[in-house]
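Dear colleague,

Here is the structure I promised to hand over, and my notes on it follow below. Please read them with the model open beside you.

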Amino acid sequence: WGHPCEMCPAQPHPCRRGFIPNIRTGACQDVDECQAIPGICQGGNCINTVGSFECKCPAGHKFNEVTQKCDDIDECSTIPGICEGGECSNTVSSYFCKCPPGFYTAPDGLKCIDVRPGFCYSTLSNGRCGSQMPQPLSKMQCCCDSGRCWSPAPAAAPEMCPIRSTDEYRKLCTVSAMLPARPALPPAPPEGIPPPLIPGAYPPPHIFYPSRAPPEHPILPVNLTDYCQTFRHLCRNGRCIPTPGSYRCECNKGFQLHGREECLDIDECERNPCVGGDCVNTQGSYICQCRVGYQSTATRTECR
C-alpha cells in the first residue's frame with residue numbers, strides 16, 4: 001500500500017500447523033509432509049499422520065529432530081563397557097568386537113569372552129587367596145563354579161571373583177547359560193589311571209564351561225556345530241539356517257537381509273503400489289488407503 005509501498009500486516013494463518021487451506025473450498029486439509037518436504041526422514045520410513053508425520057528408523061538408527069533424518073547410532077561411544085577385553089568397531093546399524101588372543105568372539109560378534117587358561121583359588125581369607133587348584137581354568141570356569149579368586153599367570157596377582165547375583169557376575173557367567181548343556185562324562189577312573197578322552201566328540205572352537213564340581217577330568221572344548229540351536233536370538237524377522245561351523249539367515253516375506261543377521265522391513269510404498277490411494281508401509285507388508293471412488297481389495301494392497 002502507498003508510494004513508496006509498505007507491506008500490509010501479516011494475515012493470521014487460517015489453518016493450524018500441519019494443515020493447509022484447500023484452493024477450491026478454503027477448508028483446512030492435512031499436509032502430507034512425506035511428499036511435501038524433500039529429503040525428510042532420509043534413511044528411514046516416513047508415515048504421514050493427520051496434522052504431522054512419523055519417522056520410523058531401522059534398528060541401530062535414531063531420529064534426529066534437527067535434520068529430520070535417521071542417523072546411525074555409534075554403539076562404540078554410547079554403550080558403556082561395550083566389547084570389554086577387545087576393541088569395538090562401529091558399522092551401519094550395528095557394531096562388532098575385535099578380540100585379542102586368548103579371547104573368543106561370541107557368534108553374534110558383539111562380545112569378547114575370556115578363555116585364557118589361568119590359576120583358580122578356592123578360598124579367600126582376610127583378603128588373601130589360597131588353595132590353588134591343580135588344573136588350569138579360564139576365569140569363567142573358575143569364578144562361575146566354586147572359585148573365589150583367579151589369576152591369568154603365575155606371576156600375576158590373583159583377582160577376586162565377582163560376587164554372585166551382581167551385574168559383574170551375570171556378565172561373566174551368562175555366556176555359559178547360552179551354550180548347550182554339557183554331555184554326561186564317564187565316571188572318574190581310580191587314582192593314578194588317566195581319565196579317558198571322548199574322541200571326536202568335541203571339535204573346536206574351544207569354549208569352556210564352568211563345571212558343577214571341581215573336575216576330576218580334563219576340561220574338554222564344547223561342540224558348537226549348530227549356531228541356530230545355541231544362540232536363539234539370531235536372524236530377527238527371519239529363519240536361521242545352520243551351515244558347517246556357521247549359519248545364514250532367510251528373511252520372512254516383506255523383509256530383506258541387512259548385514260549378516262538382521263532382516264529389515266522392505267518399504268513397498270517406494271514403488272507406489274496403490275494407484276487410486278495412499279500407501280502406508282507396515283512391518284513386512286503395506287496397506288492402501290483408497291480415495292473416494294475407489295474400493296480396497298480384501299488384502300488391502302490394491303484400490304479398484
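Cys 41 is buried, with a relative accessible area of 3%, where buried stands for under 20% relative accessible area and exposed for over 50%, with partly exposed in between, as found with a 1.4 Å probe on protein chains only. Cys 41 sits in the loop between helix 1 and strand 3, and although Cys 41 is not a glycine, its phi is positive, at about 60°. Helices and strands here are DSSP runs numbered from the N terminus, helices being H or I with at least four residues and strands E with at least two.

Please keep in mind that this is a predicted model, in which local features need pLDDT of at least 70 and side-chain atom pairs count only at pLDDT 80 or more, while totals for chains, interfaces and linings use all residues. Residues are numbered from 1 along each chain as its sequence is written, and side-chain values use heavy atoms, with hydrogens and water left out.

Most residues other than glycine have a negative phi, and most peptide bonds are trans. Asn 126 also has a positive phi, near 50°, but Asn 126 is exposed, with a relative accessible area of 79%, and lies in the loop between strand 11 (119-125) and strand 12 (128-132). The peptide bond from His 3 to Pro 4 is cis, with omega near -5°, and Pro 4 belongs to the segment before strand 1 (19-21).

The largest pocket has a volume of about 800 Å³; a pocket is an open set of points on a 1 Å grid over the protein atoms alone, with protein on both sides within 12 Å along at least five of seven lines, and its lining residues have an atom within 4 Å of a point. The volume is the space filled by probe spheres set on the points, which are joined across faces, edges and corners. Of the 26 lining residues, Asp 32, Cys 34, Gln 35, Cys 46 and Cys 279 are the closest to the centre of this pocket. Because domain 1 (19-72) and domain 5 (267-303) both give residues to the lining, the largest pocket lies between them, the domain bounds coming from an automatic or database domain assignment. Strand 19 supplies the largest share of that lining, five residues.

Strand 19 also pairs with strand 20 (residues 285-290) in the antiparallel sense over six bridges, pairing being counted if DSSP finds at least two bridges between two strands. Val 280 has Ile 287 in strand 20 as its bridge partner.

With best wishes

Note on methods
On a 1 Å grid over the protein atoms alone, a cavity is a set of points where a 1.4 Å probe fits but cannot get out, and a pocket is an open set with protein on both sides within 12 Å along at least five of seven lines; lining residues have an atom within 4 Å of a point.
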